[in-house]
Amino acid sequence: MLKCQFPYDDAPHSPGPKTHFCLAVDALLEYRGRTYVVVAYGTSRIDDDLLDAHQGVVLTVKSSFIKGDPLPKDRGHFVLDHVALLPLTEEWILPFHAEFDFMTKEQRGTDPQRYEIWRAFEFSKSVMFRATYEVLDHFLKTKKVGILPGTKLR
Amino acid sequence: MKRNITRLVLLAASIATRTAAQVFKRLIHFASPSTTAAIVSTAVKVVTESGATGYMAPSVPIEALPAWKEKIKRAERSNRETVRRLLADDEQRDINAKPV
């Protein structure tokens, strides 16, 4: 997970006004001397509008299932189809280190809740990959970072 | 002739070492391995020029986007395998749950 100034809908290519605890989709991307990362939006605020706009792809994770630096709230909601390509600079990414505590068999153990959340994540990942391709294609064409213009969170 | 070849080899080794050091120095230095949230299984500490710190999956620097997309595709294929396995487990569980 990364702490990011995730861009908002009204300024898709600029750092957002608030920090969000987001999910890193994959490894770093180095491109023409700069380093980038793709992240899926994370928030502690969940409502019907958000759930309606991203049906089936909002992953809710209890803080106790996240290890590392603590989250400010008891749950994190990750919107897997709302992704951004961000430069790895302090303008966008802030110091933070945490990770899901259910990704390996050892972490899940015999805990049915951990198993269920991991299962839900695996079933939703394809949507996250699809969104990642779209944001990368947009970057290839425009060289603009952030979210796809016209994307609506709610 | 032999001395010239030796010089060339030394020069090439020197350039390769310097380039690798520059790439390494640019942003990333390794922290102790740990499991990350997403797809990969180890983490590196990332420090920006201003000192901000984050942790990310280790990655050989890739200069071309298509190669990076290929990496995502591999993760996607791996995910499909996992989903198939989960579905097969479900099916097996349903079969086992049927009354005899």
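Reply: Two strands pair if DSSP finds at least two bridges between them. Helices (H or I, at least four residues) and strands (E, at least two) are DSSP runs, numbered from the N terminus. This is a predicted model, in which local features need pLDDT of at least 70, side-chain atom pairs count only at pLDDT 80 or more, and totals for chains, interfaces and linings use all residues. Residues are numbered from 1 along each chain as its sequence is written, while chains are lettered from A and ligands numbered from 1 in the order in which they are written.

Me: In what order do helices and strands follow one another in chain A?
Reply: Chain A has three helices and nine strands. Read along the sequence, their pattern is β-β-β-β-α-β-β-β-β-β-α-α.

Me: What radius of gyration does chain A have?
Reply: The C-alpha trace of chain A spans about 45 × 35 × 25 Å along its principal axes. The radius of gyration is taken over C-alpha atoms, and the globule rule is 2.2 Å times the number of residues to the power 0.38. For 154 residues a compact globule would come near 15 Å, and chain A agrees with this, at 15 Å.

Me: What percentage of the residues in chain A is buried?
Reply: A residue is buried if 20 or more other C-beta atoms lie within 10 Å of its own, exposed if 12 or fewer, and partly exposed in between, with C-beta atoms placed from the backbone. Of the 154 residues in chain A, the buried share is 46%.

Me: How many bridges join strand 4 of chain A to strand 7 of chain A?
Reply: Strand 4 (residues 34-43) of chain A is largely enclosed by the rest of the structure, because nine of its ten residues are buried. Strand 2 (residues 20-24) of chain A runs antiparallel to strand 4 and is joined to it by two bridges, with Leu23(A) opposite Ala40(A). Strand 3 (residues 29-31) of chain A is also antiparallel to strand 4, through three bridges. With strand 7 (residues 75-87) of chain A, where Leu86(A) stands opposite Val37(A), the antiparallel pairing of strand 4 has eight bridges.

Me: Which residue takes a positive phi in the hairpin of strand 3 and strand 4 of chain A?
Reply: Most residues other than glycine have a negative phi. This hairpin has two residues between its strands, and Tyr31(A) is the bridge partner of Arg34(A). The residue with a positive phi of about 50°, although it is not a glycine, lies in the loop between the two strands and is exposed, with 8 other C-beta atoms within 10 Å. The residue is Arg32(A).

Me: Is Leu148(A) exposed or partly exposed?
Reply: Leu148(A) lies in the segment after helix 3 of chain A. Two residues are in contact if their C-beta atoms, placed from the backbone, lie within 7 Å; beyond four places in sequence, Leu148(A) is in contact with Pro12(A), Glu134(A), Val135(A) and His138(A). With 18 C-beta neighbours inside 10 Å, Leu148(A) counts as partly exposed.

Me: Which element of chain B has the highest mean pLDDT?
Reply: Chain B has two helices and three strands, and buried residues make up 14% of its 100 residues. pLDDT is the predictor's confidence in each residue, from 0 to 100; chain B averages 63, and the values stay under 50 over residues 18-42 of chain B. Strand 1 (residues 28-29) of chain B has the lowest mean, 32, among the elements of the chain, and the highest, 89, belongs to helix 2 of chain B.

Me: What ipTM does the predictor give the complex?
Reply: The predictor gives the complex a pTM of 0.75 and an ipTM of 0.83.
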